[in-house]
Amino acid sequence: MAQKVYAGVTVDVNEEGYFTNPSQWTREIAAEIAKEEGIDLTEQHYQVIEWLRKRYESGEALSIRSINKSGIVDVKTFYQLFPGAPLKKATKIAGIPKPASCV
Amino acid sequence: MKKILILGAGTAGTIMANKLRKELPREEWKITIVDQEKVHYYQPGFLFIPFGYYKKADVTKPKQSFIPPGVDIYFRKIEQVIPGENKVRLDNGEVLLYDILIIATGTRVSPEETPGLKGELWHKNIFDFYTIEGAQALANFFKTWEGGDLVIDIADDPIKCPVAPLEFAFYADAFFTERGMRNKVNIFYVTPQSGAFTKPRSSKLLGNMLEDKNIKMVNDFVLSEVDNKRKVITDYSGREVHFDCLVSIPLHIGDPGLNDSGLVDEFGFVRADKYTLQSVDFENIFVIGDASNLPTSKAGSVAHFQSEILLENLICYIEGRPFTAKYDGHSNCYIETGYGKAALIDFNYDTEPLPGFFPFPGIGPFSLLKESRINHYGKLIFRWMYWHILLKGKEMPIDTNMTMAGKKTD
């Protein structure tokens, strides 16, 4: 298991940089991870991130499609907020595991 | 008399019916199984149909022949599951009561959910191979196709048998090479994943194989819509890929009959404990196979490994003891790579597919995460084992929980 320092806090991450302990996450940490991904977080980003964290905590599956049910953004906006691979980027910034829908 | 009701007589449900009938006394337990289809399809064989290696008759048998004496079978559609009342309503209005419900309704493709996918080119230039109809239509198409852009596209995860689209790509390369027209066919592998597969090592190996076979990979592509006029698929970020023949793996959903049950997530998969296989909502409801929302592959091997766990836990439940069996996410898949070879992967919730030997350390005969001829024979022989051993709930020579023996970790 690897560790990384964000905003002065040491956190546990896996080999791909995803948090293994989501409770170590803070908003300040999110901002630093986002910078690594080339994203400046806005309030809308944070709303999406918080929604993803809530979904994760309740044990619900995460997918691109489920974003439409968030009531915050639709899939197209989600792509604009987190360009390229939005779900992978957003979950990394949200400090939760990469969605494991396939394996 | 107590009642166990099994919904679905596919791989998972059939195995459970056989195991439970052997385990539970007939004078105490009535076992009933429901399925809307009379035909049992050997789904791993669908891959071979578009290339003409298998015909429909090679992958079909009557479901009835795999249901043991002492189990009642209803060939009916499920209309509604009412967990609060321990009731299941069928499409003819009949109501079945249960003490224990086992949900084994699997998953199905839902091309209707993607705009344009089931449009005018459906089964003309756009195909799926996850249904018998789609696989047969594609076989016909390939007979006279003169080449162009062949696009294999996974709409989004989760899908059944996550390696099947890769196998299809490898087979397509071999098939068109053998026909002497590979130079006329551009093969694209379009996936929502960032690599060829989900986990790093297998993703690298399989990614290299795609490259060696001159199959172009398009990553992080989540299908948004299909334009039938221009023959392009588009993702949510607006990227486009042109096709002359689209082999689509459409979005997957659970059984629509479960939608109003309160037991399922937004895709229709039953919310269950990933270790015990018990519904998180009702303690007398269990789920097995593709129908669950468990974070493992939707694959026949998973249903098989889960059947051992579920049987043990059902006995615990019946006897009022704490659960003693724990499912570890074990999955085991052959990956057909064409030219009479195959690779094999073996993994679980915590361990990614690793190289090594299977099932016997150092001996094999199967090699993990590596192509070999004997792996391919393993897959071919498996069809016989499926009909004669696996479905009947007999013991298979593979451990239920994954073992690290024979795997190389460095």
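A helix crossing is called left-handed if the near helix is turned anticlockwise from the far one by less than a right angle, and right-handed if clockwise. By that rule, H1(A) and H2(A) cross in the right-handed sense. This is a predicted model, where local features need pLDDT of at least 70 and side-chain atom pairs count only at pLDDT 80 or more, while totals for chains, interfaces and linings use all residues. Residues are numbered from 1 along each chain as its sequence is written, chains are lettered from A and ligands numbered from 1 in the order in which they are written, and side-chain values use heavy atoms, with hydrogens and water left out. Helices (H or I, at least four residues) and strands (E, at least two) are DSSP runs, numbered from the N terminus.

**Chain A: two helices crossing**

- Helix H1 (residues 27–36) of chain A packs on helix H2 (residues 43–57) of chain A at an angle of about 110°, and their axes are 12 Å apart. Axes here are lines fitted to C-alpha atoms, for helices over the stretch in contact, and angles run from 0 to 180 degrees between N-to-C directions.
- That angle makes H1(A) roughly perpendicular to H2(A); the cut-offs are under 35 degrees for roughly parallel, over 145 for roughly antiparallel, 65 to 115 for roughly perpendicular, and oblique for the rest.
- Which residues of H1(A) meet H2(A)? They are Arg27(A), Ala30(A) and Ala31(A), and they meet Glu43(A), Tyr46(A) and Glu50(A) in H2(A). Contact means heavy atoms within 4.5 Å.
- Sorted by class, this contact of H1(A) with H2(A) has three nonpolar, no polar and three charged residues. Ala, Val, Leu, Ile, Met, Phe, Trp, Tyr, Cys and Pro count as nonpolar, Asp, Glu, Lys and Arg as charged, and the others, Gly among them, as polar.

**Chain A: a helix tucked inside**

- Helix H4 (residues 86–93) of chain A has eight of its eight residues buried, so it is largely enclosed by the rest of the structure. Buried means under 20% relative accessible area, exposed over 50%, and partly exposed in between (1.4 Å probe, protein chains only).
- The buried residues of H4(A) include Lys88(A), Lys89(A) and Lys92(A), along with Leu87(A) and Ile93(A).
- The cover over H4(A) includes H1, H2 and helix H3 (75–81) of chain A.
- Just past the end of H4(A), Gly95(A) has a positive phi of about 70°.

**Chain B: two open sheets**

- Five strands make an open sheet with parallel pairing, in the order E11-E18-E12-E13-E14 (chain B). Two strands pair if DSSP finds at least two bridges between them.
- Strand E11 (126–127) and strand E14 (215–218) of chain B sit at the edges of that sheet with a single partner strand each, so one side of each has no neighbour in the sheet.
- Strand E12 (residues 148–154) and strand E18 (residues 245–249) of chain B run parallel over five bridges, and Leu150(B) stands opposite Cys245(B) in E18(B).
- The other open sheet is antiparallel, with three strands in the order E15-E16-E17 (chain B).
- E15(B) pairs with strand E16 (residues 232–235) of chain B over four bridges in the antiparallel sense; Val226(B) has Ile233(B) in E16(B) as its bridge partner.

**Chain B: buried spots**

- Helix H2 (residues 132–144) of chain B has several buried residues, among them Ile132(B), Leu138(B), Phe141(B) and Phe142(B).
- The buried residues of H2(B) pack against strand E3 (39–41), E11, E12, helix H3 (164–178) and E18 of chain B.
- Ser331(B) belongs to strand E21 (residues 331–338) of chain B and counts as buried, at 0% relative accessibility. Leaving out residues up to four places away in sequence, Ser331(B) touches residues including Thr296(B), Phe305(B), Asp346(B) and Phe347(B).

- Most residues other than glycine have a negative phi, and most peptide bonds are trans.
- The Asp157(B) to Pro158(B) peptide bond is cis, with omega near 0°, and Pro158(B) lies in the loop between E12 and H3 of chain B.
- Phe358(B) and Pro359(B) are also joined by a cis peptide bond, with omega about -5°; Pro359(B) is in strand E23 (residues 356–360) of chain B.
- Asp220(B), in the loop between E14 and E15 of chain B, has a positive phi near 50° and is buried at 18% relative accessibility.
- Lys231(B), in the loop between E15 and E16 of chain B, has a positive phi of about 50° without being a glycine, and at 24% relative accessibility Lys231(B) counts as partly exposed.
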